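Here is a short report to read with the sequence and the coordinates open beside you. Keep the viewer handy as you go.

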Amino acid sequence: MQKKAKMIYELGGAFTKEGIEAIKQWNEECIYANISPGGAADILAVTLLLWRITENEFLELILADKKNKE
């Protein structure tokens, strides 16, 4: 995964025609192999959210954000 991501990055990622084509090809490869390259990041994000909720940090962040917008 990391080698393929680096190769796409070096092609310019979504900012070049070559990068977009490489992304499309990689997407097809992942679908065929039933691989979710973003799955680990999603699980980490939910884990951090649940941890913050249990530590009451999430509520504090929401209240602080609301106060800053006022």
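## Model and confidence

What you see is a predicted model, so a look at confidence is a friendly place to begin. The protein averages a pLDDT of 84, and 97% of the residues score at least 70. Helix H2 has the highest confidence, with a mean of 92, while helix H4 (residues 57–69) has the lowest, with a mean of 76.

## Overall shape

The protein has four helices and zero strands, and its pattern along the sequence is α-α-α-α. The radius of gyration is 18 Å, well over the 11 Å that the globule rule gives for 70 residues, so the protein is more spread out than a compact globule. Along the principal axes, the C-alpha atoms fill a box of roughly 45 × 30 × 15 Å.

How much of this protein counts as buried? Of its 70 residues, 10% do. The accessible surface comes to about 6300 Å², and carbon and sulfur atoms hold 62% of that area.

Helix H2 covers residues 17–33.

Which residues of H2 are buried? They are Gly19, Ala22, Trp26 and Cys30. Viewed down the helix axis, these buried residues fall within an arc of 75°, so they line one face of H2. The cover over them includes helix H1 (2–10). On the other side of H2, the exposed residues are Lys17, Glu28, Ile31 and Tyr32.

## Helix H3 and the residues after the helices

Helix H3 (residues 39–54) is 16 residues long. From its first C-alpha to its last it reaches 23 Å, close to the 22 Å expected at 1.5 Å a residue.

In general, most residues other than glycine have a negative phi. Asn34, which follows H2, has a positive phi near 55°, and this is a residue other than glycine. Asn34 sits in the loop between H2 and H3. Is Asn34 buried or exposed? Its relative accessibility is 73%, above the 50% cut-off, so Asn34 counts as exposed. Just after H3, Asn56 also takes a positive phi, of about 65°.

Gly12 belongs to the loop between H1 and H2. With a relative accessibility of 25%, which lies between the cut-offs of 20% and 50%, Gly12 counts as partly exposed. Its C-alpha atom is 10.0 Å from that of Ala22, 10 residues apart along the chain; Ala22 is one of the buried residues of H2.

Met7 is in helix H1. Its relative accessibility is 32%, so Met7 also counts as partly exposed. How far is Met7 from Ile53 in space? The two are 38 Å apart, C-alpha to C-alpha, with 46 residues of separation in sequence.

Definitions and conventions:
Residues numbered from 1 in each chain as written. Predicted model: local features only at pLDDT ≥ 70, side-chain atom pairs only at ≥ 80, totals over all residues. Heavy atoms only, no water. Buried < 20%, exposed > 50% of the residue type's maximum accessible area, 1.4 Å probe, protein only. Helix = DSSP H or I, 4+ residues; strand = E, 2+ residues; numbered from the N terminus. Arc of directions from axis to C-beta. Contact = heavy atoms within 4.5 Å. Rg over C-alpha atoms; globule rule 2.2 N^0.38 Å. Areas by Shrake-Rupley, 256 points an atom, 1.4 Å probe, with all protein chains shown as cover. pLDDT = per-residue confidence, 0-100. Expected span 1.5 Å × (residues − 1).
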